[in-house]
Amino acid sequence: MEVKINNQNKLESMLNREQELKHIGNIYGESNAADEFLDLTHSEKIVLLAWVTDKLQKQKSINYNESSYGLKHKFEKSPFGFYVSNGQFKGAMYLADFHVKNLYVLNWNFNISSSSCKQLDNYYD
């Protein structure tokens, strides 16, 4: 399973919105703030956003079985993965237009399909 960087323009347009992350509340410390995404290199941002948009499928409802913290570990275990903080992962999910149930909790839940998470479990575990 590889990360496909199919649409560089789409990923770059997500990055054009990254300053929005500075306006998201941070009540749990720096490593959990979504604006920590800004500290990644350009290449790291592209790889993380490509993985998020390639591997995670959206659904209408929020999935409470997966959180930002668990998903960041799945990314780190992936072939192109690297260490990211919980906040950096939350920032990527926000920029990829995943819906967040509550911006003011430590670990965010998103509108991701259970089937895409199960595919990751089967591959990375």
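A residue is taken as buried when its relative accessible area is under 20%; in this predicted model, Glu18 is therefore buried, with a relative accessible area of 15%. The side chain of Glu18 meets that of Lys45 in a salt bridge (3.0 Å, N to O), and Lys45, at 8% relative accessibility, likewise counts as buried. This pair links distant parts of the chain, since Lys45 belongs to helix α2 whereas Glu18 lies in the loop between α1 and α2, 27 residues apart.

Six salt bridges are found in the whole structure. Among them, Asp97 and Arg17 meet through their side chains at 3.3 Å, N to O, joining the loop between α4 and β2 to the loop between α1 and α2 across 80 residues. Asp97 is partly exposed at 43% relative accessibility, as is Arg17 at 23%. A further salt bridge connects Glu66 and Lys74 (3.3 Å, N to O), where Glu66 is buried at 13% and Lys74 at 12%.

Asn109, in the loop between α4 and β2, is buried at 16% relative accessibility. A polar atom of its side chain lies 2.8 Å from the backbone oxygen of Glu66, and the side chain of Asn109 also reaches the backbone oxygen of Asn63 at 3.4 Å.

The largest nonpolar core comprises 30 residues, with Phe37, Leu48, Val52, Leu56, Phe89 and Met93 having the most contacts inside it. Helix α2 gives the most to this core, with six residues. Beyond residues up to four places away in sequence, Met93 touches Val52, Leu56, Leu71, Phe98, Phe110 and Ile112.

Methods:
Residues are numbered from 1 along each chain as its sequence is written. This is a predicted model: local features need pLDDT of at least 70, side-chain atom pairs count only at pLDDT 80 or more; totals for chains, interfaces and linings use all residues. Side-chain values use heavy atoms; hydrogens and water are left out. A nonpolar core is a set of buried Ala, Val, Leu, Ile, Met, Phe, Trp, Tyr and Cys residues joined through side-chain atoms within 4.5 Å. Buried means under 20% relative accessible area, exposed over 50%, partly exposed in between (1.4 Å probe, protein chains only). Helices (H or I, at least four residues) and strands (E, at least two) are DSSP runs, numbered from the N terminus. Contact means heavy atoms within 4.5 Å. A polar contact is a pair of N or O atoms within 3.5 Å; within protein, one must be able to donate a hydrogen and the other to accept it, and residues adjacent in sequence count only if both atoms are side-chain atoms. A salt bridge is a side-chain nitrogen of Lys or Arg within 4 Å of a carboxyl oxygen of Asp or Glu.
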